[in-house]
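Thanks for coming. I will go through one structure today, and I will keep to a few places in it.

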Amino acid sequence: MTEEREEFPLDVLFVGAGPANLAGAIHLKRLADEKGLEIEIGLIEKGDQIGSHSLSGAILDPIALKELFPDYLERGCPVEETQCRDRFYYLTQNRKFEVPFTPKYMHNEECCVISLSRFTRWLGEIAEEMGINIFPGFAGTQVLFSEDNQSILGVATGDKGIDKNGNKKATFEPGVNLTARVTIFGEGSRGSLIRQVDEKMEIFSKAMPQVFETAVKEVIELPETSPFLTGDTTVLHTFGYPLGLDTKGGGFLYRMKDNRISLGLVVGLDYEDPLLEPYRMFLKYKRHPLIADIIQGGKVLQQGAKTLSIGGYYTMPVLSVGGALFVGDSAAMLNSQRLKGIHTAMKSGMLAAETVIEALEKDDFSQATLRAYDQKVMDSWIASERYEARNFSQALSRKGVVKFMHIGAQYFTKGRGLKDPLDIVEDCATLKKLPKDFDASALETEKPEYDGTLYLDKLTGVYLSGTQHLEDQPCHLIVHNTDICETLCYEEYRNPCTRFCPAQVYEMVEETPGERRLVLNPSNCLHCKTCEIKDPYKNITWTCPEGGGGPKYSIV
Amino acid sequence: MEIVVLVKQVPDTESLIQIAGDGVSIKTEDLKWVMNPYDEFAVEEALRIREAQGGTVTILSMGPAKTVETIRTALAMGADKGVHINDPAAEGSDPLATAKILAAALKDIPFDLIIAGMRAVDGDNYQVAPAVAEFLGIPQITQVIKEEISGDTIRCHQVVEGGTAVIEAKLPVLFTAQRGLNEPRYASLPGIMKAKKKPLDVKTLADLGVDAGTAGTANRKVKIKALNPPPARKAITMIQGDDPVAQASELVKKLHEEAKIL
């Protein structure tokens, strides 16, 4: 970024086209039109189209959607299943035990099943029709700060057409400086720009760190004759096998339209065993009789992976700074107790929009004015429904049955539980070192069986995610010190990156015995950010590759 | 130089392609639509010629309402104006009918040069652009990887089996772009904003004087009987080892005994 870049001024810039920012942009445009304010709104998205990088379960509580569009069904909102009839199971290796009593927060009667990718694509079309400038395929790579670092001026988009060695190709197209009176960051889980904001402005709490889970998900087409398609149950949630009680997380299976189902496993990234492989856990989960019976004869249509920001209420960052607001997963808005975050994300975007309108009317975008957003969040149902869940994820991180003591106590004390706030550790700090005499042969005990249709290896999964990056570009995964990988990390953890990455981006090759070399396949990257979160040495930094690269999700 | 580029919107080949219930079309619901990659070469070459010689680049495309996105992409790359033929009666037209409609539209657009992709990656017919040239009665040069214009003459390098043919013709000419002609530029963010304000005409078959009874699915001369997915690719076997000689003999053995092609 040495040369002069074109400056491109907007009134309001939204970064990331998830449900939070799309709802926010639509709400803002509508409010501005009502008030006769003529404003230029821009929205950038690193995916090649809106929805390409959206992945979720997903059960949607339509509360925020109804506020945005009371007639959302008439408007053609892509709902997969309107009837959420729940079952909740505890699984052991071969058996299932239905949980007879499910707490109120696990009930989904008022909800519907959606594909988040389809849903955001639909919102994107509406936003575009309304006159919002949507720029898919443009990655924000740098936050533009004021000289004193006290406020945010906008975001710089990445250059395009740079080769592997950092040189300009014939197609070089410089990025632009998108400046705005206010910038709204809705990058999703573990954003690469919000990290820059935190470095300068310290918006995240050190005491209550951001914590995450990684989900691997598939959409499977079942045979038309599959009994599940006509059965009474449409929504299944499970816990226990294959994660056991010491690793938080669980599985889900939802019925969709067109003989499809959504199947996924969520793994808490505070797991301790460096040999654990979330993707393998997902395969094991699919082989459990409860799941295997349902998906029998099916075919995987699309696969993907994504992280979720799960820490909840106490891990929310400062929500506003001079010139910027933070929404959705960028601001840890998910409700881990209800396993839902789309409704809170949308609502946070809408509250941000209302704050922006006030700021536009006052023509004041200082933190003093934008701080109204923090209060709006606190006064809304986002805060009230999440406040009761404030210690929930923290309780789930407790080992064995201790978690149930916490959860039970929280249930009867409106979330206060046995300790409030209940502490939590950063995910990168939880791995247990392997013993010095660790026997490497233990790594390859059982080979999963793949059939290429229903049970897939990682690379087939990557293929079905549609992931593509231009090969000739600088590596977007920065491994700061590969010596650590080849020596210390190998000895202490046997390179967990080769396992926690769901897309086989990291490989440790040993061409001659004892001489290891880290090989990266950045083109496989699903943009899930697990590596940056879980690496025990904080040795990996995820940066945005050239805009338009990454998965091409359409139905997950 | 007045240049017209024929552009088609096609499904992204990385999209989830599934055959629809009727067995002769694909499910369109979850597809991503993009500019036919060979047409990107055509647009890029048109822009380069205009940059060297001056003139205008007009994008001509036929398709439903969403086709406008692809035309806008070409405008964002730098083309000057667009013409969009949008008529439900034209939907499902076969290559011949499509070429007739495009040729009719070209009666109203001045041109010295027409450029198109050599094929569309969806239908894969290779027919529309050559048929347009026939209807217009102008020379055509297909599968071009290099062109030079001097005065009123164009000289094109055409890919032929085993080599390259160099072909010359007097303008006006239609040529089709093969991979290797150039590397298309990106649509820049300011380019996308500018594209929103560029002129884009929408035309119906009636505007072009084309009889709807000759177009659309009902009037196809080429009928699709069935669509089948390509056979699943077999797993790749990597021949292990450090010794190339041993690996080569292992390869020959496998080709002989397993693949039975030697």
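How many residues does the largest nonpolar core have, and which of them have the most contacts inside it? Before the answer, a caution: this is a predicted model. The largest nonpolar core has 199 residues. Those with the most contacts inside it are Leu325(A), Val5(B), Ala74(B), Ile101(B) and Ile115(B). The element that gives this core its largest share is α7(A), with 10 residues. As background, nonpolar side chains in soluble globular proteins tend to be buried together.

Let me take Leu325(A) from that list. Setting aside neighbours within four places in sequence, Leu325(A) is in contact with Val182(A), Ile184(A), Leu319(A), Ser320(A), Ala352(A), Thr355(A), Leu370(A) and Tyr373(A).

Two packed helices are described by the angle between their axes and the distance between the axes. In chain A, helix α7 covers residues 342-362 and helix α9 covers residues 372-379. They pack at an angle of about 140°, and their axes are 9 Å apart. An angle over 145 degrees would count as roughly antiparallel; α7(A) and α9(A) are therefore oblique to each other. The crossing of α7(A) past α9(A) is right-handed.

Which residues meet there? From α7(A) come Ser348(A), Leu351(A), Ala352(A), Glu354(A), Thr355(A) and Glu358(A). On the α9(A) side they meet Ala372(A), Tyr373(A), Lys376(A) and Val377(A). By class, the residues of this contact divide into 5 nonpolar, 2 polar and 3 charged.

Is Glu361(A) buried or exposed? Glu361(A) has 11 other C-beta atoms within 10 Å, and 12 or fewer is the cut-off for exposed, so Glu361(A) is exposed.

For a contrast, look at Cys111(A), in the loop between β6 (96-98) and β7 (112-114) of chain A. Cys111(A) has 22 other C-beta atoms within 10 Å, and is therefore buried. Beyond residues up to four places away in sequence, Cys111(A) touches Ile59(A), Leu60(A), Asp61(A) and Cys84(A).

Now the backbone. Most residues other than glycine have a negative phi, and most peptide bonds are trans. Arg190(A) is not a glycine, yet its phi is near 50°. Arg190(A) sits in the loop between β13 (176-185) and α4 (192-201) of chain A, and it is buried, with 21 other C-beta atoms within 10 Å. Lys529(A) has a positive phi of about 75°. The loop that holds Lys529(A) runs between β23 (515-520) and α16 (530-534) of chain A, and Lys529(A) is buried, with 23 other C-beta atoms within 10 Å.

Then there are the cis peptide bonds. One joins Tyr241(A) and Pro242(A), with omega about 0°; Pro242(A) lies in the loop between β15 (235-240) and β16 (249-255) of chain A. Another runs from Leu171(B) to Pro172(B), with omega near 0°. Pro172(B) is in the loop between β9 (163-170) and β10 (173-177) of chain B.

That brings us to chain B. Chain B has 7 helices and 11 strands. Of its 262 residues, 39% are buried. Along its principal axes the C-alpha trace of chain B spans about 65 × 50 × 40 Å. One helix to look at is α2 of chain B, residues 67-77: 9 of its 11 residues are buried, so this helix is largely enclosed by the rest of the structure. Among the buried ones is Ala74(B), which was also named for its contacts inside the core. Just after α2(B), Gly78(B) takes a positive phi of about 140°.

Last, how many residues does each chain give to the contact between them? Chain A gives 20 and chain B gives 13. On the chain A side, β12(A) makes the largest share, 3 residues. By class, that side has 7 nonpolar, 9 polar and 4 charged residues.

That is where I will stop.

Key. Residues are numbered from 1 along each chain as its sequence is written. Chains are lettered from A and ligands numbered from 1 in the order in which they are written. This is a predicted model: local features need pLDDT of at least 70, side-chain atom pairs count only at pLDDT 80 or more; totals for chains, interfaces and linings use all residues. Axes are lines fitted to C-alpha atoms, for helices over the stretch in contact, and angles run from 0 to 180 degrees between N-to-C directions. Helices (H or I, at least four residues) and strands (E, at least two) are DSSP runs, numbered from the N terminus. Angles under 35 degrees count as roughly parallel, over 145 as roughly antiparallel, 65 to 115 as roughly perpendicular and the rest as oblique. A crossing is left-handed if the near helix is turned anticlockwise from the far one by less than a right angle, and right-handed if clockwise. Two residues are in contact if their C-beta atoms, placed from the backbone, lie within 7 Å. Ala, Val, Leu, Ile, Met, Phe, Trp, Tyr, Cys and Pro count as nonpolar, Asp, Glu, Lys and Arg as charged, and the others, Gly among them, as polar. A nonpolar core is a set of buried Ala, Val, Leu, Ile, Met, Phe, Trp, Tyr and Cys residues joined through C-beta atoms within 7 Å. A residue is buried if 20 or more other C-beta atoms lie within 10 Å of its own, exposed if 12 or fewer, and partly exposed in between; C-beta atoms are placed from the backbone.
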